[in-house]
Amino acid sequence: MIRTVGIVSLSSGILGEPFVQHEVRLGLARLQDYGLQVRFLPHARAGLEALRAHPEWRAEDLLQAFRDPEIDLILCAIGGDDTYRLAPYLFANGELETAVSGTDKIFLGFSDTTVNHMMLHKVGV
């Protein structure tokens, strides 16, 4: 059963921008209307410039979401064209493999997130 959704921003930091806050509130309300708890990972709302400059933050959020036993579903907030820059941080020292080992979490996203799905496929999820 899905109880808690962890929201990550792997491609773009747009969730942190003032001009989209009405959409963030709407999306959050819709998820909560389903009875879901919603948690934004630490950098998910850091903003466009911050997340563009720090792909390692985006990778940290994804790894944290996989490691967190309370998160049942990882939802990628937005697509884009920059998620490939997470690869060095996800595959360093087997980080991604360790984080996803034995997990049965749902990982959901679109567009650029396809690259992340392929990364997960590489490690056997």
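**Entry 1. Pocket**

I note that the model is predicted, with pLDDT of at least 70 required for local features and 80 or more for side-chain atom pairs, while totals for chains, interfaces and linings use all residues. I number residues from 1 along each chain as its sequence is written, and side-chain values use heavy atoms, without hydrogens and water.

The search rests on a simple idea: rolling a probe the size of a water molecule over the atoms shows where empty space is left. A pocket here is an open set of points, on a 1 Å grid over the protein atoms alone, where a 1.4 Å probe fits, with protein on both sides within 12 Å along at least five of seven lines; lining residues have an atom within 4 Å of a point.

I listed 15 lining residues for the largest pocket, and Leu-15, Glu-23, Val-24, Gly-27 and Ala-77 lie nearest its centre. The elements that give two or more residues to this lining are helix H1 (21–33) and strand E3 (73–76). The largest share, five residues, comes from H1. By class, the lining of the largest pocket holds 13 nonpolar residues, one polar and one charged. In this division Ala, Val, Leu, Ile, Met, Phe, Trp, Tyr, Cys and Pro are nonpolar, Asp, Glu, Lys and Arg are charged, and the others, Gly among them, are polar.

**Entry 2. Fold**

I counted six helices and four strands in the protein. Helices (H or I, at least four residues) and strands (E, at least two) are DSSP runs, numbered from the N terminus. Along the sequence I read the pattern β-α-β-α-α-β-α-α-β-α.

I then checked helix H1, whose 13 residues should span 18 Å at 1.5 Å a residue; its end C-alpha atoms are 18 Å apart, which agrees. The expected span is 1.5 Å times one less than the number of residues. H3 also has 13 residues and reaches 19 Å from its first C-alpha to its last, close to the expected 18 Å.

I looked up backbone angles as well. Just after H1, Gly-35 takes a positive phi of about 85 degrees. Asn-93, a residue other than glycine, has a positive phi near 55 degrees. I place Asn-93 in the loop between helix H4 (87–91) and H5, and it counts as exposed at 75% relative accessibility.

**Entry 3. Interior**

I found that buried residues make up 42% of the 125 residues in the protein. Buried means under 20% relative accessible area, exposed over 50%, and partly exposed in between (1.4 Å probe, protein chains only).

The largest nonpolar core has 17 residues, and those with the most contacts inside it are Val-8, Leu-10, Leu-62, Phe-66, Ile-74, Leu-90 and Phe-107. Such a core is a set of buried Ala, Val, Leu, Ile, Met, Phe, Trp, Tyr and Cys residues joined through side-chain atoms within 4.5 Å. Apart from it I found another core, of 10 residues, among them Val-5, Val-20, Leu-31 and Val-38.

I also noted the buried residues of H3, which include Arg-58 and Asp-61 as well as Leu-62, Leu-63 and Phe-66.

**Entry 4. Salt bridges**

I counted six salt bridges, each a side-chain nitrogen of Lys or Arg within 4 Å of a carboxyl oxygen of Asp or Glu.

Glu-70 and Arg-39 meet in one of them, at 3.4 Å from N to O. Glu-70 lies in the loop between H3 and E3 and Arg-39 in strand E2 (residues 37–40), so the pair ties together parts that are 31 residues apart in sequence. Glu-70 is exposed at 52% relative accessibility, and Arg-39 is partly exposed at 29%.

Glu-95 bridges to Arg-67, with the closest N and O atoms 2.5 Å apart. This pair links helix H5 to helix H3, 28 residues apart. Glu-95 is partly exposed at 27% relative accessible area, and Arg-67 is partly exposed at 45%.

Asp-82 forms a salt bridge with Arg-85, at 3.0 Å between the closest N and O atoms. Asp-82 counts as buried at 13% relative accessibility, whereas Arg-85 is partly exposed at 27%. Lastly, I traced one network, in which salt bridges that share partners join Arg-39, Asp-68 and Glu-70.
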